[in-house]
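Below is a short note for a colleague who has not seen this structure before. Please read the points alongside the model.

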Amino acid sequence: MNEDTPRFLNRLESGLRLAAAHLQELVDELAATLPCARAFDRLPDTADEWHADWQQHWDIFEAVLRRISELAKEASGGRARSAEDQRSQALAAAQALPTEAVKLSELWGTLQTQAGGLKEEAVRKQWGVLARLLESDAAALHAGAQAVRSKLELLVEHVTEQAYQKDLAKAAIDIEREQHRPGHVLEAMFMWVETDEERVRKERALEGRQAGA
């Protein structure tokens with residue numbers, strides 16, 4: 001990491017915020033279209049069973065949309081200056097986003113199949129127009145979910161590398177001081193001296209054990 005690191009991380013954070021905001025816009029756009037889609041069950045040629053299944057599928061569809069919205073908000077909180085546990089939580093949310101988007105696509109396929117039961121030609125044409133809009137929005141949402149995930153993974157990767165480099169620099173200073181303390185020069189002639197990387201690994205392993213205690 002060089003002197004441009006803060007600027008680079010700021011750009012990554014900005015990209016993450018924009019991607020998460022765009023994903024939320026897509027969620028809102030889809031949600032705004034759902035009442036029109038649900039209304040197709042009020043047509044004269046829809047049986048009670050068809051009606052119940054239609055509403056149930058859209059209920060699940062909306063629940064997945066809400067979940068995607070929640071995950072997008074969690075993911076956008078994974079900033080470079082957040083605590084490590086917050087970054088981990090945000091990363092888990094971002095990595096779950098594409099899975100939820102796949103669920104949405106599968107639900108959409110189920111609804112499309114059920115819509116094949118619409119009998120009147122005029123109604124089928126109306127559904128076709130709405131279906132193309134919904135399908136386009138769903139595809140864009142899936143791409144948006146992937147974008148949030150990739151941007152946050154990149155951000156966390158660089159933040160982790162920055163933290164590691166800082167730990168290495170600190171370890172090097174500590175080892176240098178230890179080697180120059182009174183009496184240590186003679187001791188060092190007969191004993192192994194750990195490297196910066198070994199010191200960092202040891203300290204992080206200790207921190208991990210203490211956190212899990």
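This is a predicted model: local features need pLDDT of at least 70, side-chain atom pairs count only at pLDDT 80 or more; totals for chains, interfaces and linings use all residues.

1. Residues are numbered from 1 along each chain as its sequence is written, and side-chain values use heavy atoms, with hydrogens and water left out.

2. Helices are DSSP runs (H or I, at least four residues), numbered from the N terminus. Helix α3 covers residues 84-115; its 32 residues should span 46 Å, and its end C-alpha atoms lie 47 Å apart, which agrees. The expected span is 1.5 Å times one less than the number of residues.

3. Helix α3 bends by about 30° at Leu 97, with Pro 98 following within four residues. The bend is the angle between axes fitted to the seven residues ending at a residue and the seven starting there.

4. A salt bridge is a side-chain nitrogen of Lys or Arg within 4 Å of a carboxyl oxygen of Asp or Glu; the count comes to five. One of them joins Arg 38 and Asp 59 (2.5 Å, N to O). This pair links helix α1 (residues 5-38) with helix α2 (residues 48-75), the partners being 21 residues apart.

5. Arg 38 counts as buried at 15% relative accessibility, whereas Asp 59 is partly exposed at 43%. Buried means under 20% relative accessible area, exposed over 50%, and partly exposed in between (1.4 Å probe, protein chains only).

6. Lys 103 and Glu 100 also form a salt bridge (3.1 Å, N to O). Both are in helix α3, three residues apart, and so separated by about one helical turn.

Definitions and conventions: Helices (H or I, at least four residues) and strands (E, at least two) are DSSP runs, numbered from the N terminus.
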